[in-house]
Amino acid sequence: MDVPGDPKTGQPSAEEEGTTTTWLRKHRHLYTAATRHPLILSIRDGTVDLDSFRRWLGQDYLFVRAFTAFLSSVLMKAWKQSGDESSDLEVLLGGLSALRDEIAWFQEEATRWGIGLSGIVPREITRGYIRFLEELMKPDMEYATVATALWAIETVYQQSFAFCLEEGSAIRPELVGACERWGNNAFGQYCHELQRIADCQLTKASKDDLERAESAFLRVLEHEVKFWEMCHEDL
Ligand SMILES: Cc1ncc(CO)c(N)n1
């Protein structure tokens with residue numbers, strides 16, 4: 001997989017590239033584990049166990065509801081900390097309005113699969129990820145850290161599902177909708193905007209802030225790997 005910043009591809013040097021790109025390269029092993037999980041590979045090649053997909057649908061619905069609250073908390077911090085000149089509020093507001101469609105999509109999709117969302121109980125791994133979001137929602141979490149986490153959370157999904165749609169895939173027709181939801185170009189563009197926002201905040205961050213943001217990035221990747229694992233292995 002092409003991680004930006006690879007010297008062989010002629011990408012910008014460490015001085016010119018954003019902090020997020022440096023971290024993607026530094027932690028590419030974990031990033032690849034999150035974006036090329038065996039569950040994603042099985043969706044891509046059509047061998048996916050549909051029970052895994054059903055588990056994912058129910059648990060991700062619960063995650064997305066909590067994620068909506070998280071995104072609202074990022075929006076609040078953007079208003080306080082991004083500065084009047086920035087377009088951060090507009091970008092995040094776009095994300096929030098897309099979540100409204102996303103929640104409706106989960107509800108329609110669940111009906112199509114005969115899954116009752118009101119009866120879904122969060123599994124331990126889902127609860128752990130939601131607890132992490134709750135930590136990030138605390139008022140003393142800096143904007144740089146939460147913007148980094150937001151970018152990472154969205155980018156893992158974008159990269160995972162876009163890979164399922166790339167040439168050579170043999171995806172099952174009933175899963176195309178899910179893959180297109182996160183794998184489409186407009187969502188990719190949104191992720192780039194989030195990356196720009198995170199990088200901009202990280203250029204202003206203190207050493208301690210940078211450490212906290214990098215750690216949040218790593219924790220997102222770990223939670224994402226576990227989330228795929230839970231759906232894939234029925235954990
Ligand atoms: C677990 C998880 N990570 C990221 C996203 C992207 O929104 C999602 N829906 N669920």
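This is a predicted model: local features need pLDDT of at least 70, side-chain atom pairs count only at pLDDT 80 or more; totals for chains, interfaces and linings use all residues.
Now select Thr 19, which belongs to helix H1, residues 19-26. Thr 19 has a relative accessible area of 21%, so this residue is partly exposed. Leaving aside residues up to four places away in sequence, Thr 19 touches Asp 199, Leu 202 and Leu 210. Thr 19 and Arg 212 are 193 residues apart along the chain, and their C-alpha atoms are separated by 13 Å.

Next, colour the buried residues of H1, which are Thr 20, Thr 21, Trp 23 and Leu 24. They cover an arc of only 160° around the axis, and therefore sit on the same side of H1. A helix rule is handy at this point: an α-helix has 3.6 residues a turn, so residues three or four places apart point the same way. What do the buried residues of H1 pack against? Show helix H2 (28-35), helix H7 (143-165), helix H9 (185-203) and helix H10 (207-233), and you have their packing partners.

**Stop three: the ligand**

Select the ligand and display the residues around it: Asp 60, Phe 63, Val 64, Tyr 129, Ile 153, Glu 154, Tyr 157, Trp 182, Glu 224 and Phe 227. Three of these side chains are worth a distance label. Start with Asp 60, where an N or O atom of the side chain is 2.6 Å from a nitrogen atom of the ligand. Move on to Tyr 157, whose side chain has an N or O atom 3.2 Å from a nitrogen atom of the ligand. Finish with Glu 154: one of its polar side-chain atoms lies 2.7 Å from an oxygen atom of the ligand. How much of the ligand's accessible area does the protein cover? On its own the ligand has 280 Å² of accessible area, and the protein covers 100% of that.

**Stop four: the nonpolar core**

The largest nonpolar core has 72 residues. Select Ile 43, Trp 56, Phe 70, Leu 92 and Phe 161, the residues with the most contacts inside that core. Then centre the view on Trp 56. Not counting residues up to four places away in sequence, Trp 56 touches Tyr 61, Trp 105, Phe 106, Tyr 157, Phe 161, Trp 182, Phe 227, Trp 228 and Cys 231.

**Stop five: Arg 181**

Go to Arg 181 in helix H8, residues 176-183. Arg 181 is partly exposed, because its relative accessible area is 25%. With residues up to four places away in sequence left out, Arg 181 touches Asp 101, Glu 102, Trp 105 and Phe 187. Phe 161, from the previous stop, is 20 residues from Arg 181 in sequence and 8.3 Å away in space, C-alpha to C-alpha.

**Last stop: Gly 83**

Where is Gly 83? Look in the loop between helix H4 (50-81) and helix H5 (88-112). Gly 83 has a relative accessible area of 40%, so Gly 83 is partly exposed. To end, draw a line from Gly 83 to His 29: their C-alpha atoms are separated by 35 Å, and the two residues are 54 residues apart along the chain.

Note on methods
Residues are numbered from 1 along each chain as its sequence is written. Side-chain values use heavy atoms; hydrogens and water are left out. Helices (H or I, at least four residues) and strands (E, at least two) are DSSP runs, numbered from the N terminus. Buried means under 20% relative accessible area, exposed over 50%, partly exposed in between (1.4 Å probe, protein chains only). Contact means heavy atoms within 4.5 Å. The arc is that of the directions from the helix axis to the C-beta atoms. A residue is near a molecule or strand if one of its heavy atoms lies within 4 Å of it. A polar contact is a pair of N or O atoms within 3.5 Å; within protein, one must be able to donate a hydrogen and the other to accept it, and residues adjacent in sequence count only if both atoms are side-chain atoms. Accessible areas come from the Shrake-Rupley method with a 1.4 Å probe; for residues, only the protein chains shown count as cover. A nonpolar core is a set of buried Ala, Val, Leu, Ile, Met, Phe, Trp, Tyr and Cys residues joined through side-chain atoms within 4.5 Å.
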